[in-house]
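How do the parts of a protein model fit together? Take a look at the sequence and the structure first. Then read on.

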Amino acid sequence: MATDPALLTEGSPRGGALRSVSRFSWRRPGLKTFGQISAPVAAFVFVYVAALVALLIKGFWTTDSFTGKVVRSWNLDNFRTIADAPYPTIVLRTLGIAAAVTVTCMVLAFPYAYFLVRVASPRLRLVLLVATVLPLWVSYLVRVYSWRLILNPDGALNWVLNGLGLPDLNIAYTNWAMWLVFTYIWFPFMVLPVYAALERIPYSYVEASADLGGRGLTTLRRVILPLAIPGLAAGSIFTFSLTLGDYIAPSLVGGPGSSLIGTVVFDNLGLANNAPFAAAFATVPLAIMAVYLVLMKRLGAFESL
Amino acid sequence: MKRIRFVHVALAAIVVALAVPAAGVSKAGALPTSVGKGEGKLTLVAWEGYTEKQWVAPFEKQTGCKVQAKYAGSSNDMFNLMTSGGGSQYDMVSASGDASLRLIYAGAVAEVNVNLIPSYKDFYKAFQSPSNNTVDGKHYGISLQFGPNVLMYNTEAFPKKPTSWGAIYDPKNKGKITIPDNPIQIADAALYLSKTKPALGITDPYELTKAQLAAVVSLLKQQRPLVKKYWGLASDQIDLFKNGGSTIGASWPYQVNTLKAAKVPVASVSPKEGVTGWLDTWMLSSKAKHPNCAYKWMQYITQPKPQAQQAVYFGETPVNKKACKIMDQLAKGSCAQYSANAPESYYRSIKFWKTPIADCGNGKKNCMDLRAWTTAWTQIKG
């Protein structure tokens, strides 16, 4: 059959630059991929990685303590200072509170999410899900300040306790208050991934477990919980890392002896004008999170995000 | 080489271009001897509440200098705003005593000819050449307003007026004490120790040797378990006195007056050991683009009326002694309330904030600097 030259170009009537690019990229798939992802990769490298690298580099510099100017002489002094008192205590305290908040959120979120997935009617589920994320629509500061009102000696907490004939509980401006406030603030970040993980478990698994003689608790322990672990791990990444970096809650609801990593970074940036030390200290949560993420990846956290 | 030279030439050209509108205030190192025509604009770094319309609007009308203010959140913020980006972005800053010396030594602010400011002679003597804005007889700016750091207490919890700072170090008051969350607070403890432990040899609470600072830190560490809260914002302390269970603490007249207005039974006292205080200074950037407007601002803001307006609005004390009468016109009794008519000796007795520096005038350069103070403060708070 004779080839009609007009037919060959049918469907691609235009030649020109665009077409030659298209032809070129079709022949070299590697370059095509590169072209497609180069913009986001560049944004990632320049905006995100570069900022972190700049931070790291700054940690190796010092400031002239009087004029406050950064002196660009390389040394490890800032990193050595991290090992001096009181910084190790502060790091351990931060880790302790982050861990406590994460565990509390898990313990509260699991039954709640389970209730949402398995028990609640679709309408109730929707209402409760909205109620869970509703606090996120309110400013962080408002939420923290409202806890101050609750925890104050004359606040709602003691009013309720006294009404029940119980003695006062004075936990305002203590680490207990921080633990409570963090748990409250990060709770939605735990519920949502756990909810997503639980929702993915087909009901047939539960039936299969029952068929094999598994009672309620056994099914929960051996079927549901293992399948929910990725969700719990994903949620814990949020609760853990957010607690690790926060400095507002400690300053608003914490008391004496409530400095966290974030407080030290903020004090060094905002009061002492010692940005290099703040940068060096900021690598501590970075390192902690790197280790934590590796652990959580093993638990399958990233499949549930 | 050629290119570098070109850059220099271009820079010089820019500097000249910037300086031309500033003719009248000569910038060749010498102090201006007269104030020329305004440049039509004035950029300020200020504390919130320092550039209120009620006294800025008349200034703009009189001089044609349009005021653009940026509020700073902390002394350090001010320092950074005035030094970053070459410091030419802002003409003036209302620096507090804990930043002013740093600004001077960093070369960020210029000497000011106080002879061009008529109200200067009406200042209380203590504020004409205070050591936090005057170095070697050179004035780096013009004093503005000040406030003492007082001991505030709940009159129901303390029927007998406390007379010593010892009350905030007393275990009897455990859980009732509120202290500002600021490294400069170390000076308050140093002042207390200078009177109660003369053996330490503290003469100036801002000039502490290593051993003296260690003694102060150990006192403050003993204080920590007694402290209810290190407050960051004045409103935090107000909350704590209203319903947070705090009955005594280091405070400012602002909190005392706010709480009194809210019918909370509080009073304040200047303890027998003396008090520290803060003094704000309008400082002129060494690279100010609108120096004439800046001088006009210094002339204006030190006049009795704006001084009184700002004092009443913010709850602080003017440095111009003629402001007292106008304060009473604006708010009855406010002059006495803020001690704007106190004897000169009172102002002299206040130890005003200044940046702790290593070279503290004893010739040995062995004083602890602000960095050491901040580290110490982190240790104290735990």
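## Where the chains meet

Between them, chain A and chain B bury about 2,700 Å² in this predicted model. Carbon and sulfur atoms carry 51% of that area. Chain A brings 38 residues to the contact, and chain B brings 32 residues.

Which salt bridges cross the interface of chain A and chain B, and how many are there? The rule finds three. One of them can be named: Arg148(A) and Asp236(B) pair through their side chains, N to O, at 3.1 Å. Eight residue pairs are in polar contact between chain A and chain B, with both residues at pLDDT 80 or more.

## The chain A side of the interface

Several helices of chain A build the side that touches chain B. Helix 5 (87–119), helix 7 (140–151), helix 12 (248–253) and helix 13 (261–270) each supply at least two residues. Which helix of chain A gives the most? Helix 13 does, with five residues.

## Two domains in chain A

Chain A is divided in two. Domain 1 covers 16–71, and domain 2 covers 84–304. Their centres, taken over C-alpha atoms, are separated by 33 Å. Each domain of chain A gives nine residues to the contact between them.

Domain 1 and domain 2 of chain A bury about 670 Å² between them. Of this, 75% is on carbon and sulfur atoms. On the domain 1 side, Leu55(A), Lys58(A) and Thr63(A) lose the most area to domain 2. Together they make up 51% of what that side buries.

## What links the domains

How many salt bridges are counted between domain 1 and domain 2 of chain A? The count is zero. The rule also finds zero residue pairs in polar contact across this interface, where both residues must be at pLDDT 80 or more.

Two elements each supply at least two residues of the domain 1 side: helix 3 (29–58) and strand 1 (62–63) of chain A. Helix 3 of chain A has the largest share, four residues. By type, the domain 1 side divides into four nonpolar residues, four polar residues and one charged residue.

## Chain A as a whole

Chain A has 14 helices and two strands. Its radius of gyration is 27 Å, whereas a compact globule of 305 residues would be near 19 Å. The C-alpha atoms of chain A fill a box of roughly 100 × 70 × 35 Å along the principal axes.

A salt bridge also occurs inside chain A. Asp77(A) pairs with Arg80(A), and their closest N and O atoms are 3.1 Å apart. Both residues lie in helix 4 (residues 77–81) of chain A. Asp77(A) and Arg80(A) are three residues apart, about one turn of the helix. Over all chains, the whole structure holds ten salt bridges.

## Chain B as a whole

Chain B has 14 helices and 14 strands. Its C-alpha atoms fill a box of roughly 70 × 55 × 35 Å, again along the principal axes.

How does the radius of gyration of chain B sit against that of a compact globule, and what are the values? Chain B has 22 Å. With 382 residues, a compact globule would be near 21 Å, so the value for chain B agrees.

Technical notes
Residues numbered from 1 in each chain as written. Chains lettered and ligands numbered in written order. Heavy atoms only, no water. Contact = heavy atoms within 4.5 Å. Buried area = accessible area lost by both parts, 1.4 Å probe. Salt bridge = Lys/Arg side-chain N within 4 Å of Asp/Glu carboxyl O. Polar contact = N/O pair within 3.5 Å; in protein donor to acceptor, adjacent residues only side chain to side chain. Domains from an automatic or database assignment. Nonpolar A, V, L, I, M, F, W, Y, C, P; charged D, E, K, R; others polar. Rg over C-alpha atoms; globule rule 2.2 N^0.38 Å.
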